[in-house]
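Here is my note on this model, as numbered points. Please read it with the structure open.

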Amino acid sequence: MISNKAKKEINSWVEKYPEGRQSSAVMEALKIVQSENGNSLTTELIQEVADYLDMPGIAAQEVATFYENYNHSPMAKNVIRVCHNISCMLNGSDELITHLESKTGVKTGEVTQDGNICVKKVECLGACVGAPMLQIDDKYYEHLTLEKVDAIIDGLKEGK
Ligand code: FES
């Protein structure tokens with residue numbers, strides 16, 4: 001069920017689009033609902049978003065399954081999305097990913113035992129100038145080094 005708080009947030013996105021174009025807010029709406037539901041979307045939740053935005057369920061499903069920002073199984077509290085596309089790869093993303101796996105003790109796609117962290121390899125996040133980079137929630141971390149990654153992970157472990 002979409003909470004009143006989530007509806008309010010979704011409405012603020014709907015208002016940005018011309019009348020009758022509320023479905024344009026689907027990406028943000030899915031993100032809002034996902035964050036309220038254990039960082040994961042079920043088919044039912046996606047349908048509820050579609051109903052709320054008065055759009056076909058299949059169209060919302062297509063968005064939710066096309067983009068890597070959406071999770072469809074129980075997910076960690078913190079999902080670290082590491083870009084491994086060309087600019088980031090040329091600037092050391094493979095080494096960062098190996099380091100992250102070692103630091104967290106899980107392979108990409110897996111969730112740490114405490115449910116706190118999951119590392120995902122993703123395609124270009126549009127911040128190539130800051131390569132190598134990663135994303136946690138809405139925040140981008142750019143020009144990464146192994147030391148910066150350590151600080152980020154330590155912060156997540158401490159709940160910062
Ligand atoms: S290649 Fe990594 S952000 Fe574009």
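1. Start at Leu-134. Setting aside residues up to four places away in sequence, Leu-134 touches Ile-80, Arg-81, Val-82, Leu-100, Lys-139, Tyr-140, Tyr-141 and Leu-144. Leu-134 sits in strand S3, residues 134-136. Is Leu-134 buried or exposed? Its relative accessibility is 2%. The cut-off for buried is under 20%, so Leu-134 counts as buried. Bear in mind throughout that this is a predicted model.

2. Leu-134 and Ala-76 are 58 residues apart in sequence. Their C-alpha atoms are 16 Å apart in space.

3. Next, the strand pairing. S1 (78-83) and S2 (residues 117-122) run parallel and are joined by six bridges. Asn-78 stands opposite Ile-117 in S2. How many of the six residues of S2 are buried? Five are, which leaves the strand mostly covered.

4. Now the largest nonpolar core. This core has 21 residues. Ile-10, Val-26, Leu-30, Val-33, Leu-41, Val-49 and Leu-53 touch the most other members. Four helices each supply at least two residues of this core: H1 (4-14), H2 (26-36), H3 (43-52) and H4. Which helix gives the most? H2 does, with five residues. As background, nonpolar side chains in soluble globular proteins tend to be buried together.

5. Leu-53 deserves a look of its own. Residues up to four places away in sequence are again not counted. Leu-53 then touches Ile-10, Val-14, Gln-22, Ser-23, Ala-25, Val-26 and Ala-29.

6. On to charge pairs. The structure holds six salt bridges. One of them joins the side chains of Glu-28 and Lys-31, at 3.4 Å from N to O. Both residues lie in helix H2. They are three residues apart, about one turn of the helix. Lys-31 has a relative accessible area of 25%, so it counts as partly exposed.

7. The salt bridge with Asp-150 has its closest N and O atoms 3.8 Å apart. This pair links distant parts of the chain, 47 residues apart. Lys-103 is in helix H6 (residues 93-104), and Asp-150 is in helix H7 (residues 146-157). Asp-150 is partly exposed, at 21% relative accessibility. Lys-103 is also partly exposed, with a relative accessible area of 26%.

8. The other partner is Asp-154. Its closest N and O atoms to Lys-103 are 3.2 Å apart, in a salt bridge. Here too the pair links distant parts of the chain: Asp-154 in helix H7 and Lys-103 in helix H6, 51 residues apart. Asp-154 has a relative accessible area of 30% and is partly exposed. Elsewhere, salt bridges that share partners join Glu-28, Lys-31 and Asp-138 into one network.

9. A surface point. Which residues form a nonpolar patch on the surface? Met-27, Phe-66 and Tyr-67 do, with about 310 Å² of accessible area together. Tyr-67 is found in the loop between helix H4 (57-66) and strand S1 (78-83).

10. Gln-61 is found in helix H4. Its relative accessible area is 19%. The limit for buried is under 20%, so Gln-61 counts as buried. Leaving aside neighbours within four places in sequence, Gln-61 is in contact with Thr-43 and Ile-46.

11. Last, a residue in H1. Ser-12 is found in helix H1. Ser-12 counts as partly exposed, at 34% relative accessibility. Ser-12 and Lys-139 are 127 residues apart along the chain. Their C-alpha atoms are separated by 20 Å.

Terms used:
Residues are numbered from 1 along each chain as its sequence is written. This is a predicted model: local features need pLDDT of at least 70, side-chain atom pairs count only at pLDDT 80 or more; totals for chains, interfaces and linings use all residues. Side-chain values use heavy atoms; hydrogens and water are left out. Patches are made of residues with over 30% relative accessible area and no salt bridge: like charges are joined within 9 Å, nonpolar side chains (Val, Leu, Ile, Met, Phe, Trp, Tyr) within 5 Å. Accessible areas come from the Shrake-Rupley method with a 1.4 Å probe; for residues, only the protein chains shown count as cover. A salt bridge is a side-chain nitrogen of Lys or Arg within 4 Å of a carboxyl oxygen of Asp or Glu. Buried means under 20% relative accessible area, exposed over 50%, partly exposed in between (1.4 Å probe, protein chains only). Two strands pair if DSSP finds at least two bridges between them. A nonpolar core is a set of buried Ala, Val, Leu, Ile, Met, Phe, Trp, Tyr and Cys residues joined through side-chain atoms within 4.5 Å. Contact means heavy atoms within 4.5 Å.
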